[in-house]
Amino acid sequence: MLLDALERPLVLGPMAGGPGTPELAAAVSDAGGLGFLPAGYRSAAELGERIARYRALTAAPFGVNLFLPGPDRAPDLTDYRARLVPEARALGVEPGEPRWSDDEWPAKLALLLDDPVPVVSTTFGCPPADAVRALRGVGSVVIATVTTPDEADEAAAAGVDALCVQGTEAGGHQASFDNDEVRTIPLLDLLAQVRNRVPLPLVAAGGIMRAEHLRAVLDAGAVAGQAGTAFLRCPEAGTRPAHRDALVELTDTAVTRAFSGRWARGLVNRFLTDHDAAAPAAYPHVHYMTAPLRATGAVDVLNLWAGTRHGLARERPAAEVVAELTAEPGDHSA
Ligand SMILES: Cc1cc2nc3c(=O)[nH]c(=O)nc-3n(C[C@H](O)[C@H](O)[C@H](O)COP(=O)(O)O)c2cc1C
């Protein structure tokens, strides 16, 4: 299987919302890891363009990450909107209209069945068994992202090839199948629990910022580690300048629904502090409400996704990050 055959056992965490570019994915794949293109928040047509851009850069294998749609329901959002209005007006905008979206999952699935890619991973739910069968039928390796042992069982029953096990340390959205409880299980604990129950290859995500972190998950039985935050400051990433600065200047991270209505780990800024406690479970409705505020780029209101070990992220080319993370003890070439 492709995951066992990687020259270096490192997967680039898909990063929707800007940071995950074809250039970053290609640089990681060319360095011997597995690059990933995030499909979240983009149209199927944009995904197609990004796959083409990746293929123009390298022939190396890569993956595409899809968001699975959740239920089309939300609580009353009047109170949360009222909190956002003064925030928005201070920035010269209005809150966006809350709405549900399927993130064009059916069209993206159709695209990937028509024009297959080596690896497809999923986030925010259990991939339906018929979709897994279809993707495997066109030759893609299918990975489901899970955050609990029960989710691992469910994904295994759907027939996936491998699991991405996401610990609480991870930056960005928690990949949980539901949007109820925040996930608090540290990566090494979760990895041990999942390994005990599911005999599938496991990719471990959350807090992998140094070679010793990668070695720890490999020693614990993972076939590869998946890192996102470690790549946020790379020149190939599409990370906004304010986000790059905040990774250095801000110290704490927290898991919050304030920005999107779904639990995600980010740097603690003013917006997170002020609205965390009031934020409703309403994804992607709240994502669309806060979008105009976030689009201003003001660092106080930006969703600054980052993992708990973000302080170790360095500003250097992605190939160097791959080399450093996968260096063996005593190897000083990185
Ligand atoms: C800015 C950002 C965006 C992310 N977007 C996605 C995404 O679109 N899909 C996904 O499955 N995971 C997403 N993640 C999670 C990463 O793929 C990866 O699992 C995580 O970053 C690993 O933890 P680390 O940040 O401590 O390395 C995102 C993470 C970050 C930091």
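**Helix 1 and helix 2**

I began with handedness: helix 1 and helix 2 make a right-handed crossing. In my notes, a crossing is right-handed if the near helix is turned clockwise from the far one by less than a right angle, and left-handed if anticlockwise. Helices are DSSP runs of H or I with at least four residues, strands are runs of E with at least two, and both are numbered from the N terminus.

Before going on I noted that this is a predicted model, where local features need pLDDT of at least 70 and side-chain atom pairs count only at pLDDT 80 or more, while totals for chains, interfaces and linings use all residues. Residues are numbered from 1 along each chain as its sequence is written, and side-chain values use heavy atoms, with hydrogens and water left out.

Next I looked up the geometry. Helix 1 covers residues 22-30 and helix 2 covers residues 44-57; they pack at an angle of about 40 degrees, with axes 9 Å apart. Axes are lines fitted to C-alpha atoms, for helices over the stretch in contact, and angles run from 0 to 180 degrees between N-to-C directions. Helix 1 and helix 2 are therefore oblique to each other. The cut-offs are under 35 degrees for roughly parallel, over 145 for roughly antiparallel, 65 to 115 for roughly perpendicular, and oblique for the rest.

Which residues make the contact? Helix 1 brings Pro22, Glu23, Ala25, Ala26, Ser29 and Asp30, and helix 2 brings Arg50, Arg53, Tyr54 and Leu57. Contact means heavy atoms within 4.5 Å. By class, I have 5 nonpolar, 1 polar and 4 charged residues in the contact of helix 1 with helix 2. Here Ala, Val, Leu, Ile, Met, Phe, Trp, Tyr, Cys and Pro count as nonpolar, Asp, Glu, Lys and Arg as charged, and the others, Gly among them, as polar.

**Helix 6 and helix 7**

I then turned to helix 6 (residues 149-157) and helix 7 (residues 187-197), which pack at an angle of about 40 degrees with their axes 9 Å apart. Helix 6 passes helix 7 in a right-handed crossing. On the helix 6 side I listed Pro149, Asp150, Ala152 and Asp153, and on the helix 7 side Leu190, Gln193, Val194 and Arg197. That contact of helix 6 with helix 7 has 4 nonpolar, 1 polar and 3 charged residues.

**Helix 3 and helix 11**

Helix 3 (residues 78-90) packs with helix 11 at about 10 degrees, their axes 10 Å apart. Helix 3 and helix 11 are therefore roughly parallel to each other. Tyr80, Arg81, Leu84, Glu87 and Ala88 of helix 3 meet Val286, Met289, Thr290 and Leu293 of helix 11. I sorted this contact into 6 nonpolar, 1 polar and 2 charged residues.

**Cavities and a pocket**

How many cavities of 30 Å³ or more are there in the whole structure? My search found 5. On a 1 Å grid over the protein atoms alone, a cavity is a set of points where a 1.4 Å probe fits but cannot get out; a pocket is an open set with protein on both sides within 12 Å along at least five of seven lines, and lining residues have an atom within 4 Å of a point. Grid points are joined across faces, edges and corners, and a volume is the space filled by probe spheres set on the points.

The largest cavity holds about 90 Å³. Its lining includes Tyr41, Phe67, Asp102, Tyr283 and Pro284, and by class the lining has 8 nonpolar, 2 polar and 2 charged residues.

Two of these lining residues got their own notes. Tyrosine 41 has a positive phi, near 70 degrees, in a residue other than glycine. A cis peptide bond joins tyrosine 283 and proline 284, with omega about 5 degrees.

The second largest pocket has a volume of about 340 Å³. Among its 16 lining residues, Gly70, Pro71, Arg73, Asn179 and Tyr283 are the closest to its centre.
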